[in-house]
Amino acid sequence: MFNLLILLAERLGFILILAFLLVNTSFFRNLIKSRKLKSQIWLALIFSIFVIISNLTGVEITNSREVVMLTIITNLSQSYSIANTRTLVITTASLTAGSWVGVFVGLVGGVHRFIFSNFSDSFYIVSSVLIGFLVGKIGDRVKGNQLYPSNIWVAILELSAEFVQMAFICIFRGFGLVKLVIVPMTFLNTVGSCLFIEILKTYLSNERQLRAVQTKDVLELTNKTLPYFRKGLDLDSARHVCEIIKKYTNFDAVGLTDKVNVLAHVGAGADHHIANEPVLTDLSKTVILTGKKQIAYTKSEIGCPHDHCPLAAAIVIPLQVNQETIGALKVYFTDSDKLTVVEENLVDGLGTIFAGQLAIGIAEEQTSLINEAEIKALQVQISPHFFFNALNTIAALMRVSQDKAHEAVVQLSIFFRSSLQNGQEKEVTLEQEKKHIDAYMNLENLRFPDRFQLKYQIEVSQEVLIPAFCLQIFVENAVRHAFKGQKKNNLIVVKIVPYNQDYFKIQVQDNGQGINPQILPQILEKPIQQTRGTGTALYNLNRRLNGLYGSISQIKITTKPTGTCFTILIPWQHKKGESPS
């Protein structure tokens, strides 16, 4: 029995070495991660080869219970038996790929055993198929959400498989053979099954951990590079990006180019791949010209004209925005053996991420330019008729009351801060717009004490969204044009109430002198040159309302000698997370 144990342990070691080599291939690891039909077919074929090997490398036992020490059994007498690792292979096949793969592998192993022994011992076909089916079904039940059962369950299932096998042997070959092989086969196959599954689990776990670490590094890398790519491709941003990539990867050199010049090169070869000089390598020129990734495994393929360039392999990918190549990302290796599939996949992912970051940067730049133009336009409207008046008011108040002068400075700060903030948005909350108007009116009342009175009648949530500066324009129009010659009792009422389920209504009404009938038809049709600022502001606001919400939201004006009322309808929209009140 001891000799049998040692010999069977040698065979088990051979099977485990094959398993170790097999699991090192990405092809096999990808197969065992899913139960798709294609994967199961491949696994059935692979484990079938294993089960045949387990038969051929078994330990031969004569009819007199003597152990024959052969490395490979080429032929087996009908009266002889073999101790082998067949049940181990069938069990691991069932646990890896499911019961039907286990049944197929069991069938192959049983049939091979039957043919191999000169068409004797056909009961091995039945026992092997039964083991494959039972282990697969029970294994699927006990593993839960895991890819494999726990080691305890693997041991229990392999022990059960061995007992099934021993029961068949006892019935058809007698208890004497069972007595000889039960301990070595049961012990070693159980240990072997646990080791086989543990090898699979360990490699998959290590792979997940490696991917998690790589994902963390890539996320950190992209987080670090985003601020620079958002600025666009220039010498400064490219240098920082290359330094970050070099820090977080194993590349020997990293470079970025635009369509013509090297923007940055960090690492090996930096002495002649110089920023702000034309692209040197033929490889990079090809990528920029064709917009397709290129991989070079030799110096000649890189095509660097420098005789002593240390770069031996490279991956160059185009950086494309809106299907246009705007530059290239280049990674280099001083040893071509370092260029593996892992590095290639990493560079592909980085290229996609960086192209997206550049696209974001370009879009943000365009948006920024538009917002800046809108803000400047607003400032042009505000500054001439308001800013210098506010400064004059502050200067005058400093002679009279420093407290009031200080208050005026604070209000002016609030006003211009909100002007800048609101100017960057198409829509702002009613609360934001109200703060802006209050700052404006506080400054006007410091300049002209008790001349203007502003009242609110608000019956909607202050989180509803309205076009930026719309109330400001109406209120400023009233202050500047409605009360000529009136130094007291000048009232402006801002009324905001529900209109229907789709819209709420904004009305800004004054008790001033009304609008000149000759000007009224033109106010919303074109800028009124003879009025300063608000004529253009009302015209522009009407266009904005039409563009945002359609013609239903255009300004309606009713005027008479006792005052003017501006009315607009705004669709119900609330700040994210808020609901109508």
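Guide: Two strands are said to pair if DSSP finds at least two bridges between them, and strands themselves are DSSP runs of E with at least two residues, just as helices are runs of H or I with at least four residues, both numbered from the N terminus. The model is a predicted one, in which local features need pLDDT of at least 70 and side-chain atom pairs count only at pLDDT 80 or more, whereas totals for chains, interfaces and linings use all residues. Residues are numbered from 1 along each chain as its sequence is written, and side-chain values use heavy atoms, with hydrogens and water left out.

With those terms in hand, the part to look at is an open sheet of 5 strands, in the order β10-β12-β13-β15-β14, whose pairing is mixed. Its edge strands are β10 (452–458) and β14, each of which pairs on one side only. Neighbouring strands of this sheet are turned against each other by 15° on average, direction ignored, where axes are lines fitted to C-alpha atoms, for helices over the stretch in contact, and angles run from 0 to 180 degrees between N-to-C directions.

Within this sheet, strand β15 (residues 563–571) deserves attention. Strand β13 (residues 503–510) pairs with β15 in the antiparallel sense over 7 bridges, and Tyr503 has Pro571 in β15 as its bridge partner. Strand β14 (residues 556–560) also pairs with β15 in the antiparallel sense, over 5 bridges, with Lys556 standing opposite Thr567 of β15; a hairpin of 2 residues joins β14 to β15.

As for burial, a residue counts as buried under 20% relative accessible area, as exposed over 50%, and as partly exposed in between, with a 1.4 Å probe and protein chains only. In β15, 9 of the 9 residues are buried, so the strand is largely enclosed by the rest of the structure. Gly563, Cys565, Thr567, Leu569 and Pro571 point one way from β15, while Thr564, Phe566, Ile568 and Ile570 point the other way, and all are buried. For the chain as a whole, 47% of the 581 residues count as buried.
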